[in-house]
Amino acid sequence: MLCPYCKSKENKVVDKRDNDETSATRRRRECLDCGKRFTTYERIQNISLMVEKRSGRLQEFDREKLKKGVLKAVKKRPINDEQIEELIDDIELRLLNRRTTQVKSTDIGKMVLTRLRKLDSVGYLLFASVYRDFNSINDFKKEIAELEKQ
Ligand SMILES: [Zn+2]
């Protein structure tokens, strides 16, 4: 189990949660070299979750890729790494709990949006603009009007 930040092999488990429904064990680890925290999942069965892209192509679910996408959209916002990590954890667990092993990339995008909206409305708009291909100021206006309704 390598640290995703510095590739060190030395880490300790700081939190462990079993999920009976998915037979996955989630472990929160802390790197003993750089001190950063990361999450690992160990599954009894190796379920590979496939993501259906807009083009119809299938790709294996990549947690890091999803995280990078979210981070890129909200990088100037006051949302910390821990919060993003939790958001991704929540989505991943939700996906693993589904009976199917295939999910549409647009569904994942919606799941990110639902959670970002609670976290930071500007971050939400930034992600929405990328994800929904906003191309005019009106797209933003519409989305802001929706946000204000709630
Ligand atoms: Zn490290």
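The model is a predicted one.

Reader: Which pattern does the protein follow along the sequence?
Author: The secondary structure comprises five helices and six strands. Read along the sequence, these elements give the pattern β-β-β-β-β-α-α-β-α-α-α.

Reader: What percentage of the residues of the protein count as buried?
Author: Of the contacts between residues at least 6 apart in sequence, 44% join residues at least 24 apart. As for burial, the protein has 150 residues, and the share that counts as buried is 17%.

Reader: Is Met1 buried, exposed or partly exposed?
Author: Met1 belongs to the segment before strand 1 (11-19). Beyond neighbours within four places in sequence, Met1 is in contact with Asn11, Arg29 and Thr40. A residue is buried if 20 or more other C-beta atoms lie within 10 Å of its own and exposed if 12 or fewer. Met1 has 14 such atoms, so Met1 is partly exposed.

Reader: How far apart in space are Met1 and Arg29?
Author: Arg29 is one of the contacts of Met1. In sequence, 28 residues separate Met1 and Arg29, and from C-alpha to C-alpha the distance is 9.7 Å.

Reader: What is the phi of Lys7?
Author: Lys7 also lies in the segment before strand 1. With 10 other C-beta atoms within 10 Å, Lys7 is exposed. Most residues other than glycine have a negative phi. Lys7 is not a glycine, yet its phi is positive, at about 65 degrees.

Reader: Which residue stands opposite Val51 in strand 6?
Author: Strand 4, residues 50-52, runs parallel to strand 6, and three bridges join the two. In strand 6, the residue opposite Val51 is Val103.

Reader: Are helix 3 and helix 4 roughly parallel or roughly antiparallel?
Author: Helix 3 and helix 4 (residues 121-131) have axes 7 Å apart and pack at an angle of about 160 degrees. Residues of helix 3 that meet helix 4 include Gly109, Val112 and Leu116, and those on the helix 4 side include Gly123, Tyr124 and Phe127. The crossing of helix 3 with helix 4 is left-handed. Angles over 145 degrees count as roughly antiparallel, and helix 3 and helix 4 are therefore roughly antiparallel.

Reader: Which helices do the buried residues of helix 4 pack against?
Author: The buried residues in helix 4 are Gly123, Tyr124, Leu125, Leu126, Phe127 and Ala128. Their packing partners are helix 1 (63-74), helix 3 and helix 5 (137-149).

Reader: At what angle do the axes of helix 4 and helix 5 cross?
Author: Ser121, Leu125, Ala128 and Ser129 of helix 4 meet Phe140, Glu143 and Leu147 of helix 5. Helix 4 passes helix 5 in a right-handed crossing. The axes of helix 4 and helix 5 come within 11 Å and cross at roughly 140 degrees. That makes helix 4 oblique to helix 5, the crossing angle being roughly 140 degrees.

Reader: How far apart are the axes of helix 1 and helix 4?
Author: Helix 1 and helix 4 make a right-handed crossing. Their contact involves Val70, Ala73 and Val74 of helix 1 and Gly123, Leu126, Phe127 and Val130 of helix 4. The packing angle of helix 1 and helix 4 is about 115 degrees, and the distance between their axes is 8 Å.

Reader: Which residue just after helix 4 takes a positive phi?
Author: Most residues other than glycine have a negative phi. Just after helix 4, a positive phi of about 55 degrees is taken by Asp133.

How values were computed: Residues numbered from 1 in each chain as written. Predicted model: local features only at pLDDT ≥ 70, side-chain atom pairs only at ≥ 80, totals over all residues. Helix = DSSP H or I, 4+ residues; strand = E, 2+ residues; numbered from the N terminus. Contact = placed C-beta atoms within 7 Å. Pairing = 2+ DSSP bridges. Axes fitted to C-alpha atoms, helices over the stretch in contact; angles between N-to-C directions. Parallel < 35°, antiparallel > 145°, perpendicular 65-115°, else oblique. Left-handed = near helix turned anticlockwise from the far one by under 90°.
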